[in-house]
Amino acid sequence: MTQPNRATPAVLVLENGERYTGTGYGALGQTLGEAVFCTAMTGYQETLTDPSYHRQIVVATAPQIGNTGWNKEDGESRTGRTGEAGDDSGKIWVKGYAVRNPTRRVSSWRATSTLEDELVEQGIVGIAGIDTRTVVRTLRDHGSMRAGIFSGDALADADELLQRVVEAPQMKGANLAGEVTTTDGYVIEPEGEARFTIAAIDLGIKTNTPRMFAQRGIRVHVLPAGSSPDAIAAIKPDGVFLSNGPGDPATADPIVDLTRHILGEGIPLFGICFGNQILGRALGRGTYKMKFGHRGINIPVIDHATGAVSITAQNHGFALEGEAGEEFDTDFGRARISHTCANDGTVEGVELISGNAFAVQYHPEAAAGPHDAAYLFDKFVSQLQGASA
C-alpha cells in the first residue's frame, strides 16, 4: 500500500452494485468490509480507533473531516508504538474510511500529524470526494451491506470489483472479539488509594473505560476474552466488567457461559455495548442484526426507572430482543429492560432487579462526548460498595 495524491482515482463499491468514484485517501490498495455510517461531527480519531469498528468501512456523514489532525492522546486502542512520554496514538480498527471533503489544513495545537498521514502509516485504505449523503441514504434504505474501496493496483473492471465484494464475509455470524482482545492481561492502577478491584473482560475495550474506573479509585485487571473463571477468581475481584466489542453476539457462547458463571457466583457485574448483549444472552434473551445500527454521539436513550433522557454515544449493529420496561424471569432472578432508544425503541439496557448486574448498549465512557451517561460508573461503584458492606 502506498500514499495517494489527490489525482489518484478510487472507487467505493456496495454489495447492491452501486459505485461511487472519488480519489484515494489514506493508503492505496483494496479493503473489504461492512459499510456503515457514523453521524458524529467530532471525534473521528476516537471512532477510527474504536475496536468495535473492526471489519467495517465507515462512511462519515460530516462533510469535512480531518480539521483537528491526529494526536497522541485521543486514541481508544493501543498500537504498541509509544514515545518517550508513553503516549500512543491508537491502532485504527476500521477497515476503510469514506469522506466527502478532507480538510486542506490541520487546525489544532494538539495535532502531531494529519489524519491522512496516520491512515497511510497504518495502511488504511480510504476514499474522498464522493457524495456521502447518497451513500448514507442507500444504507438507511437498504441496510448496512458489504462493500469495498479500491485504488491503485487494486482497480479492475466493475464486475470483478463487485465479485470481490460479494465474496467477502458478512458481519452476521462473525466471531470477532478474539481478534481484538488483548493477548496478555494488564493492570490499570487507580488514581489515589485503591477502593476496589475489578476484572474487565476485554472484548474490544476502549482505553477511556479503565481510565474512568481509575478516576473512581478502582484497580482494573484487563483480561483476554478467553479468560477462564479460575483466571478471574485468581485476582479476587470485587466486580466484573464486560466491555464493548465487535461482531455478532450470537457467536459468543463461551463469553455468555463465563457471564452466567459470574452471575451464579453473585459477583457484581457491569457491561457496555457488546457487554450488554452478552448479559442479555446470559439472562436468556435473543439478539438480532439491526438494519443499519446506531453509530454517532447524539442518540437519545430513555431510562425507564426515572423517565430521564440521556444523549449518548453509540456504535452497534446488533441489539437485544425486548420491549420498554419489560420484566422477565431468569435463572438468576427477575430482570427487566431498563433503557430503550427514544428514536426507534431499540433495547439500550438490561438489569437484574436485585441490582447485582446491569448493562447498557451505549457508551458512558464516551471520550469525544457526550457525557450524560458517565454517572453509570458511579452506579457501579455504589453496587460494589453495597456488595462489600
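**Buried residues, barrel and cores in the predicted model**

Ser310 is buried, with a relative accessible area of 11%. That value falls under the 20% limit that defines burial. The description given here is of a predicted model. Ser310 belongs to strand 16. Leaving aside residues up to four places away in sequence, Ser310 is in contact with Ile299, Pro300, Val301, Asp372 and Tyr375.

Strand 16 (309-320) also contributes two or more residues to the lining of the largest cavity, as do helix 1 (44-48) and strand 15 (287-303).

A closed barrel is formed by seven strands in the order 1-2-8-6-4-3-9, and their pairing is mixed. From one strand to the next, the twist averages 35 degrees. Cys38 is placed opposite Ala60 of strand 4. Helix 4 (residues 158-166) lies across strand 1 (9-14), strand 2 (19-26), strand 3 and strand 9 (145-151). The angle between helix 4 and strand 9 is about 135 degrees.

The largest nonpolar core comprises 31 residues, and those touching the most other members are Ile201, Leu203, Ile232, Val240, Ile278, Leu279 and Leu283. Two or more residues each are given to this core by strand 11 (196-202), strand 13 (239-242), helix 8 (253-265), helix 9 (274-282), strand 18 (333-341), strand 19 (347-352) and strand 20 (357-360). Helix 8 supplies the largest share, five residues. Another core, of 24 residues, lies apart from this one and includes Val220, Val301, Ala373 and Leu384.

Helix 9 is largely enclosed by the rest of the structure, because eight of its nine residues are buried. These are Phe274, Gly275, Asn276, Gln277, Ile278, Leu279, Gly280 and Ala282. Just after helix 9, Gly284 adopts a positive phi of about 100 degrees. When residues up to four places away in sequence are not counted, the contacts of Leu279 are Leu242, Thr259, Leu263, Leu269, Val350, Ala357, Phe358 and Ala359.

Of these contacts, Ala357, Phe358 and Ala359 belong to strand 20, which is covered on both faces. Ala357 and Ala359 are buried on one side of the strand, and Phe358 and Val360 are buried on the other. Strand 20 runs parallel to strand 14 (residues 269-272), to which four bridges join it. In this pairing, Ile272 has Val360 as its bridge partner. Strand 20 also pairs with strand 19, here in the antiparallel sense and over three bridges. Gly349 stands opposite Val360 in this strand. Strand 19 and strand 20 make up a hairpin, with four residues between them. In the turn, Gly355 has a positive phi of about 90 degrees.

Note on methods
Residues are numbered from 1 along each chain as its sequence is written. This is a predicted model: local features need pLDDT of at least 70, side-chain atom pairs count only at pLDDT 80 or more; totals for chains, interfaces and linings use all residues. Side-chain values use heavy atoms; hydrogens and water are left out. A nonpolar core is a set of buried Ala, Val, Leu, Ile, Met, Phe, Trp, Tyr and Cys residues joined through side-chain atoms within 4.5 Å. Buried means under 20% relative accessible area, exposed over 50%, partly exposed in between (1.4 Å probe, protein chains only). Contact means heavy atoms within 4.5 Å. Two strands pair if DSSP finds at least two bridges between them. Axes are lines fitted to C-alpha atoms, for helices over the stretch in contact, and angles run from 0 to 180 degrees between N-to-C directions.
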